[in-house]
Amino acid sequence: MKIKIDLALCQGHSVCLSEAPEVFDVIDQDDGYPQVRVLLENPPQELHERVMKAAKYCPNNVITVLED
Amino acid sequence: MIQNVVASVKLPPKVSGEKQGSGHMEEFGVNFARFMMRCNAECGELAEFNMGGQQTVLMSGPEAQEAFFKTLDLKLSRAAAYQATVPVFGKGVIFDAPPDKMKAQLKIQVDALRYQNMKNYSTVISQEVEDWVASWGDEGELDFLDEFLRLTLHTATHCLLGKDFRDRMTEEFRELYHALEKGLQAIAFVDPYMQQPVFEARDKALVRLQALIGGIIAERRASSHIEYGDALETFMAGTYTDGSQLTENEITGLVIATMFAGHHTSSGTATWTLTELARQKEYSAEVSEELQALFKSASEITLESLREIPKLEAFIEEVLRLHPPLVLLMRRVIEDIDYNGTLIEAGKTVAISIYGSHRNTDYFPDPEKFDPYRPKPDTLFAYIPFGGGPHKCAGNAFAMMQMKAIFAALLPRYEFELVDPDETYQDDLSAIVLKPTGPCRLRYTKRT
């Protein structure tokens, strides 16, 4: 699994952070909205389900999950 | 895509029917969504019309709409296009704030929509729905345009200003809010400061509302140990980049701005959703079955359980396609731009029509047909009920959660039917925010 992020769409709602804190963090910026940061580019199998949920429930379609 | 202009000669084609002095203002005022569909049909992707002296270029189709959404604020300004909101939200708030402060305020607004608050809001909304239906009895008839305006005013004030304020909500507050609403009508987008009784009433209402909400802020600052879990708490805790807090009037302004963003949009969508449920019997039976299986009692309505209700979601999405609450969006052109070889000059306004985009037959064949199962377009910029790009409506998750919470509580218990002839339930396209023409009477019957 690979995670792709479109930061132009991120408003820092933090749904991903509550879903999979091992994989996503949300960082305050000096300017504008907080932005998601991916902590694990290739998350292990046991986190896949929660990463999928993070992508699905992101209100702004920021996260795309690419299957291997 | 939009680029800086080097040498451009082509200008956007002009729409016919312009009148001396007022331009297309009259036709625009009667039914601006239909007018914009005419512009697009006549001129194509770019169509220039005259709104009382303001040259406005309508951008149509996913490519032009993507350019509209993705062009930087520096070139296509929201602030300059939405100056009518300044006397409603107050000085120094959002579109009247310097760019860095505006960004900080919008960020603080999103902070109030994050996970922990959202959990509280879902509880608040289902409580409000319970209180609302408590007096319904087994059957009856209501004007749901009115009912949903009241329900969503209650949910909005409860989520924003907390339980105490909601419980003490006075007739005065309703009247003040209503006076501000009337201050944001179409003529305000031409000049919000002209001598008009509605604008005088608006200004008085803002001063009084600043005093009312300022009072709550002062009260809360004096008892800082209490946790509220509402948006006001988040707004009061928010800071600018230099660490300073928002002033009382700025906080009040954010409260008003958030109410305006969420109230009529939500009530219009709820009214249309219930009306379509009463009208589209085949689909509504499926939605009701889904909800009856998922929600046996009101206590099962939580942020988690509301996330996955596929049939209801598809139904609401189709409602938002046919009846998008915001029919058009605007920006002011700050720097000349070149859209695929056509010059759009600084000083003009650019607009997109969400209503028109959702009826584009390339993406939505047989567009007036209600079909929750129609295929999704392969672009993010054809179906745009919440806009798109970096400035997409930050309340979109809240709005969907609220809609689902309302119908998860209502549909397992009641069935709904149209009272008046089907064709009398129509879009009211004279207002800024779309809703059905009132009254919107529906009959409800308790399920056995």
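Tutor: Let's start with a definition: a helix is a DSSP run of H or I with at least four residues, a strand is a DSSP run of E with at least two, and both are numbered from the N terminus. Keep in mind that this is a predicted model.

Student: Where does Ile94(B) lie, then?

Tutor: Ile94(B) is in the loop between helix 5 (86-89) and helix 6 of chain B. Its phi is positive, about 45°, although Ile94(B) is not a glycine.

Student: Why is Ile94(B) called buried?

Tutor: Count the C-beta atoms around it. Ile94(B) has 22 other C-beta atoms within 10 Å. The cut-off for buried is 20 or more, so Ile94(B) is buried.

Student: What makes Asn340(B) partly exposed?

Tutor: Asn340(B) has 13 other C-beta atoms within 10 Å. Exposed needs 12 or fewer and buried needs 20 or more.

Student: How do you know that the length of helix 2 of chain B agrees with what a helix should span?

Tutor: The expected span is 1.5 Å times one less than the number of residues. For the twelve residues of helix 2 of chain B this gives 16 Å, and the end C-alpha atoms are 16 Å apart, so the two values agree.

Student: Which residues of helix 2 of chain B are buried?

Tutor: They are Phe32(B), Phe35(B), Met36(B), Cys39(B) and Asn40(B).

Student: Why are these residues said to be on the same side of helix 2 of chain B?

Tutor: Because they cover an arc of only 140° around the axis. What covers these buried residues includes helix 1 (25-30), strand 2 (46-51) and strand 3 of chain B. Following helix 2 of chain B is Gly44(B), which has a positive phi, near 90°.

Student: What does helix 2 of chain B give to the side of domain 1 of chain B that touches domain 2 of chain B?

Tutor: Helix 2 of chain B gives the most to that side, with three residues. In the whole contact, 17 residues of domain 1 of chain B meet 16 residues of domain 2 of chain B. The side belonging to domain 1 of chain B divides into ten nonpolar, four polar and three charged residues.

Student: Now to chain A. Why is chain A called as compact as a globular protein of its length?

Tutor: Chain A has two helices and four strands, in the order β-α-β-β-α-β along the sequence. For 68 residues the globule rule gives 11 Å, and the radius of gyration of chain A is 11 Å, so chain A is as compact as a globular protein of that length.

Student: What makes Glu41(A) exposed?

Tutor: Glu41(A) has 10 other C-beta atoms within 10 Å. Exposed means 12 or fewer, so Glu41(A) is exposed. Glu41(A) lies in the loop between strand 3 (35-38) and helix 2 (48-57) of chain A. Not counting residues up to four places away in sequence, Glu41(A) touches Lys2(A) and Ile3(A).

Student: How many residues does each chain bring to the contact between chain A and chain B?

Tutor: Chain A brings 16 residues and chain B brings 16 residues. The residues on the side of chain A are six nonpolar, eight polar and two charged.

Key
Residues are numbered from 1 along each chain as its sequence is written. Chains are lettered from A and ligands numbered from 1 in the order in which they are written. This is a predicted model: local features need pLDDT of at least 70, side-chain atom pairs count only at pLDDT 80 or more; totals for chains, interfaces and linings use all residues. Two residues are in contact if their C-beta atoms, placed from the backbone, lie within 7 Å. Ala, Val, Leu, Ile, Met, Phe, Trp, Tyr, Cys and Pro count as nonpolar, Asp, Glu, Lys and Arg as charged, and the others, Gly among them, as polar. The arc is that of the directions from the helix axis to the C-beta atoms. The radius of gyration is taken over C-alpha atoms; the globule rule is 2.2 Å times the number of residues to the power 0.38.
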